[in-house]
Amino acid sequence: MAKRTVRKNARPTVKAVERKALAAELPVGGVTAPASLITPQQRRRLERRSTFERITGNGTISALVMIVAAVAAVICANTPAFDAVHAFLQEPVAITFGPWNFSLSVELFVNDFLMAIFFLLVGIELKYEMTVGELRRPRQALLPMLAAVGGVVVPACIYGFINRGGAVYGWAIPMATDIAFALGVLSLLGSRVPPALKVFFSTLAIADDLLAIAAIALFYGHAPHLGWLAAAAVVTGLLVLLNVRRHFRLAPYLVLGLVLWLCLFQSGIHATLAGVILAFTIPARSDIVASELVGWLGAKLPELEDRFDDEAHILGQHDFTHAARGVERVVHRVTPPLQRLEHYIATPVNFLILPIFAFVNAQVRLVGVDPLSLVFDPVAIGVYAGMLLGKPLGIAGMTFLLVKTHVADLPTGVGMRHIVGVGILGGIGFTMSILIAGLAFTQIPAELLAAKTAILAGSVSAALIGLAYMRVACRKHAA
């Protein structure tokens with residue numbers, strides 16, 4: 001197809017175009033754009049997308065969606081629909097490649113595969129904090145990280161003491177903090193919360209996640225299969241090699257991540273850890289030297305201007321569209337692969353995977369169960385006391401000790417009353433706690449029921465008490 005010759009004399013001057021654009025700038029999707037750049041229909045579409053992104057980026061809304069899923073699961077579990085749902089969750093999901101067959105139940109698919117994607121998002125957040133966030137400054141992160149240790153050890157000790165000689169294997173259940181829920185509840189207080197307290201709580205929750213991941217890896221796997229474990233090590237080495245060789249396309253990482261998940265699943269190590277390993281091997285650097293980008297774009301603008309004909313149809317302007325595509329490719333590569341992947345999976349994880357996990361695992365069936373035996377079950381008491389008492393005692397106690405011994409200082413504008421509130425909210429352990437309970441009591445349905453009931457009750461209690469307490473504790477800051 002012949003290329004159309006550009007008629008330069010038919011094009012208005014650059015200054016005229018600039019004056020026209022600046023005269024009618026409109027905010028579109030959070031970015032100021034000239035009204036002449038897009039059509040009204042496109043503008044409305046972008047505005048709708050901007051609204052959608054604001055909704056999906058709101059931690060409070062995503063936490064509410066998960067709460068709705070959990071409530072629906074509890075209601076469903078205590079109706080005649082329970083048998084049908086339970087049967088569906090036990091249905092096998094089979095994948096066949098020739099003579100090779102791989103099968104797992106729907107419930108296992110949710111808990112092991114879909115939750116690996118959730119752990120991938122957690123790993124991305126951890127790597128972000130270790131690269132450019134609070135965890136890259138050890139001294140500043142020291143206080144919340146050590147407070148997280150206190151918030152892990154004390155609940156585990158309370159549970160272990162109550163269940164000594166019994167179901168002590170569930171010691172890690174009350175130690176986990178659900179970041180999505182806890183920060184979602186804290187965000188309900190809005191600007192009344194000191195900014196430094198939000199940073200403190202976020203860092204604490206991230207350190208808490210690291211400890212929970214370590215507990216799952218070390219104590220809640222099966223006897224490892226050395227052959228599959230060696231294969232997982234080889235795949236991990238290949239992922240590291242891709243990173244070292246500066247491969248910035250996501251596809252090879254995701255394919256190897258899938259293979260790594262399979263190897264870990266077969267090895268006896270909990271397969272969700274594949275998500276964390278994958279996150280830490282995906283490049284956090286840009287494929288472009290950002291310091292040279294502005295100059296390069298400035299040099300490209302005259303070329304684009306020279307090739308554009310405002311009287312010709314865009315389909316016929318091959319030189320212009322080819323040059324524009326080259327700019328588009330370069331600009332696309334500015335965003336690091338780690339950040340691109342987070343953008344792709346954050347909404348599906350928060351609004352699809354976590355609600356599905358909540359619905360599948362919050363099936364607490366109380367029909368025919370003696371309420372008193374459930375309330376006085378040592379597992380239920382240990383989990384509930386660990387979450388509601390152990391968390392604030394551990395977090396506030398460790399913080400108080402570190403401040404009084406001058407090992408660390410409280411953040412600006414934050415007092416011990418705020419730390420106590422953070423400790424109470426730290427007792428919200430829904431997602432991680434249910435996951436650990438399922439690993440601890442796989443073969444003991446009665447103890448699993450007691451643990452899940454206590455997790456739901458403890459998380460709701462911690463959220464309500466923590467919210468009420470923080471409203472009072474943050475009044476002084478608001479004034």
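Which residues form a nonpolar patch on the surface? In this predicted model, local features need pLDDT of at least 70 and side-chain atom pairs count only at pLDDT 80 or more, while totals for chains, interfaces and linings use all residues. Residues are numbered from 1 along each chain as its sequence is written, and side-chain values use heavy atoms, with hydrogens and water left out.

The patch is formed by Leu-64, Ile-67, Val-71 and Ile-75, which together have about 350 Å² of accessible area (Shrake-Rupley method with a 1.4 Å probe, only the protein chains shown counting as cover for residues). Patches are made of residues with over 30% relative accessible area and no salt bridge, nonpolar side chains (Val, Leu, Ile, Met, Phe, Trp, Tyr) being joined within 5 Å and like charges within 9 Å; a salt bridge is a side-chain nitrogen of Lys or Arg within 4 Å of a carboxyl oxygen of Asp or Glu. Leu-64 belongs to helix α3 (residues 59–77), helices being DSSP runs of H or I with at least four residues, numbered from the N terminus. With a relative accessible area of 48%, Leu-64 is partly exposed, a class between buried (under 20%) and exposed (over 50%), for a 1.4 Å probe and protein chains only.

By contrast, Leu-374, in helix α15 (residues 371–375), is buried at 12%. Beyond its neighbours within four places in sequence, Leu-374 is in contact (heavy atoms within 4.5 Å) with Leu-366, Val-369, Ala-380, Leu-449, Ala-450 and Thr-453.

Conventions: Helix = DSSP H or I, 4+ residues; strand = E, 2+ residues; numbered from the N terminus.
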